[in-house]
Amino acid sequence: MGEQLYFDNYMPVGDIIVLSVSLVMMILLATSHVTRTRNFLIFLNMLFYLMMAGLVNLLMHVRFTRITDGNYTSIYVMGILYHAFLFSLFLLYIVYLVVIFRLDGRIKTFCMRISVAMYVLFLATDIFTTAIGVGFHINKNGTASTGLAIFMIGYLAFVLLIAALLIQCRKRIYRKAILGIYGIMAISYAVLYMQSKHDQTSFTVATFLLPVLGIMYLFHSNPYNIELGSVSATAFTDTIDYLFRRKRSFGYISLYLPGYEFGDKKLPEKLQESIRKFSSEFFKRSILFRISSGQMLLIAEHRGNPDFEQKMQVIKDAFRKEYEVYGLDFRLLIGESVDEISENNEYLALIQHIHNNTELNNIHIITKEDVESFHRTMYILRELEDIYKKQDLEDPRVLAYCQPIWNITDGKYDTAETLMRLQLDKIGMVFPDEFIPLAEKNGYIHVLTKIILYKTCMAVKSLVGDGYYVRRISVNVSVLELHDDNFTADIEQIIRQSEIPEGKIAIEITESQSDRDFLAIKSMIDELKDCGIKFYLDDFGTGYSNMERIMKLPFDIIKFDRSLVLASQSDERSEEIVGRLAGMFADLDYSVLYEGVEDETDEQRCIRMSANFLQGYKYSKPIPVDRLEDFFSKAE
């Protein structure tokens, strides 16, 4: 190729195709949604250099045919620019791979140094050989020759470097994606080889277009849902990062339709039309995301929508009309961007938190208080996660409180229920109704039970050691824990290692409607009964109560919920019903405990209704476990 004529076999079709396809790609990027990550910015630079290379090459050939005075300086300059743009593309390919492979440390430094060194070396050599006439040059007869093909050497060197990088990092990326990159490289090089076999230079830039097309398709395509005009949830977090980096504020609307969360149900056509209208016609600079089958989230930048609040009012009115037409259950949340939420990219978690606390068929404007509540919840969740990771049975954040229970038969306090509290540095005391659901949902509940059981055992050990009589102290257990294979072993181990007398610990559990839970409860009770553990059926009279199942489970104590205590005071008939129910359990050798006893009237009524034990504010509020000695009596 040393003296190959450079311009003779050139056809502009290759560069025209490159420019046309590049412009089409620019149009597609402008009219579709693409996540604007760091990779995407590198990709945009690739596209720019590709267009410039094609344009310069086309202009260089056009200019060469029109020179009549023998002054070819502009041709030499454009030739150097042409190669500089192509070498820049190679360099950007390397940078792109370094970013998507998440390389760091010595590997990243080595790749960047060697690629920059190659870029400088080949470009400088190209300039030098052109200047001294051994590289690209124009002969005295007006023909152009390639001379020493530095560009082709550099092309091959960069291809080999990219191939080596792909092989080295092949396990860092999805296998099909890397096979796609290999295939594109092979086709590009095949085109270049076929071109050289036919003494052509027309399709050199086109061989750089193919990898750019592949990158766009493999890594940056995020097509619209044709019916709704939405993009997928994967683009949401990247969009938030992009807006935050550019300090752009925005408003957002989250529509949740629980009836469409599962299954393949299709939204009504008219509703789809309304959603399209809100996202495309109401707002400028807006993006609609399909977070899940039943949730859509619209983001609209404030800078393009100064009348955001007025439009929100229109949308609220429109959705109320839609509800009247379709009767679909919904939750609609409307909020404004908050820097702290944007920085941590927590909008999906925030919205989920508020959805969980919003009643159906309501439109809720997200307030500062909502955000503060979310931060509180996230803080509690992080603390629970830390408690779970540390598995410290003496963790000072988990407090054991107790509520003493009055034994009617013996006329004294000799039992109690342990109640859990959290004491957290930033927010102080946290009560169970706030943290237990979080612990259950995220799989942290069992470690809390182990901690509170351990602290209860230590309290029993201390009381017995000091001469107090302790019939037993109960600990609440979540049904969710019973499916843990280690549950019974953990309970047995903690009680055994505490070296307390047998029978001093009881477990309270709430009945479940699930067949699977029923079997787990029965299995757990059967195993732990042998350790002398007593069992309470907690919250009897609330929610689901299946008498057949209760009879099949060997509970020792039935705890009548506060709701039954309240119901029994309404009239004589109600008291008679509750009393007969309690009497039936008593006749079957169950002990009956009423909780929520608040005054003398409650106490006397519960005694008439076959009570064995009474618990409530009449006797004591929950107290730290080490204060039980103020209620318990010394053993005789």
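**Entry 1: aromatic rings**

I looked up Tyr-72 and found a relative accessibility of 18%, so Tyr-72 counts as buried. The model is predicted, and I keep that in mind for every entry. Next I checked Phe-64. Phe-64 has a relative accessibility of 13% and is also buried, because the cut-off for buried is under 20%.

How many aromatic pairs does the count come to? The count comes to 30 aromatic pairs. Phe-64 and Tyr-72 make one of them: I read 5.8 Å between the ring centres and 35° between the planes, so I wrote down "tilted".

Then I went to Trp-406 and Tyr-413. Is this aromatic pair edge-to-face or stacked? The pair is edge-to-face, with 70° between the planes and 4.9 Å from centre to centre. The angle settles that, because planes over 60 degrees apart count as edge-to-face. I also looked at accessibility here. Trp-406 is partly exposed at 22%. Tyr-413 is buried at 15%.

I also noted a cluster joined by ring pairs. Its members are Phe-87, Phe-90, Tyr-93, Phe-122, Phe-151, Tyr-155, Phe-158, Tyr-189 and Phe-208.

**Entry 2: H4 against H5**

I turned to helix H4, residues 105-132, and helix H5, residues 150-168. Their axes are 9 Å apart, and the helices pack at an angle of about 170°. Why do I call the two helices roughly antiparallel? An angle over 145 degrees counts as roughly antiparallel, so H4 and H5 qualify.

I listed who meets whom. From H4, I have Cys-111, Ile-114, Ser-115, Met-118, Tyr-119, Phe-122, Thr-125, Asp-126 and Thr-129. From H5, I have Ile-150, Ile-153, Gly-154, Ala-157, Phe-158, Leu-161 and Leu-165. Sorted by class, this contact has eleven nonpolar residues, four polar and one charged. Phe-122 and Phe-158 were already in my notes, as members of the ring cluster.

**Entry 3: Lys-108**

I stayed in H4 and picked Lys-108. Lys-108 is partly exposed, at a relative accessible area of 32%. What does Lys-108 touch, leaving out residues up to four places away in sequence? I found Val-98 and Leu-103.

I also took a distance to Phe-374. Lys-108 and Phe-374 are 266 residues apart in sequence. In space, their C-alpha atoms are 39 Å apart.

**Entry 4: Thr-207**

Thr-207 lies in helix H7, residues 204-219. Is Thr-207 buried or exposed? Thr-207 is buried, with a relative accessible area of 2%. I looked for contacts, again skipping residues up to four places away in sequence. Thr-207 touches Tyr-155, Ser-188, Val-191 and Leu-192.

**Entry 5: H15 against H16**

My last pair was helix H15, residues 445-465, and helix H16, residues 487-498. Their axes come within 9 Å and cross at roughly 20°. Angles under 35 degrees count as roughly parallel, so H15 and H16 are roughly parallel to each other. I noted the crossing as right-handed.

Which residues of H15 make the contact? They are His-446, Lys-450, Leu-453, Tyr-454, Cys-457, Met-458 and Lys-461. On the H16 side I wrote down Phe-487, Asp-490, Ile-491, Ile-494, Ile-495 and Ser-498. By class, the residues of this contact divide into eight nonpolar, two polar and three charged.

Terms used:
Residues numbered from 1 in each chain as written. Predicted model: local features only at pLDDT ≥ 70, side-chain atom pairs only at ≥ 80, totals over all residues. Heavy atoms only, no water. Axes fitted to C-alpha atoms, helices over the stretch in contact; angles between N-to-C directions. Helix = DSSP H or I, 4+ residues; strand = E, 2+ residues; numbered from the N terminus. Parallel < 35°, antiparallel > 145°, perpendicular 65-115°, else oblique. Left-handed = near helix turned anticlockwise from the far one by under 90°. Contact = heavy atoms within 4.5 Å. Nonpolar A, V, L, I, M, F, W, Y, C, P; charged D, E, K, R; others polar. Buried < 20%, exposed > 50% of the residue type's maximum accessible area, 1.4 Å probe, protein only. Phe/Tyr/Trp six-rings, centres within 6.5 Å; stacked < 30°, edge-to-face > 60°.
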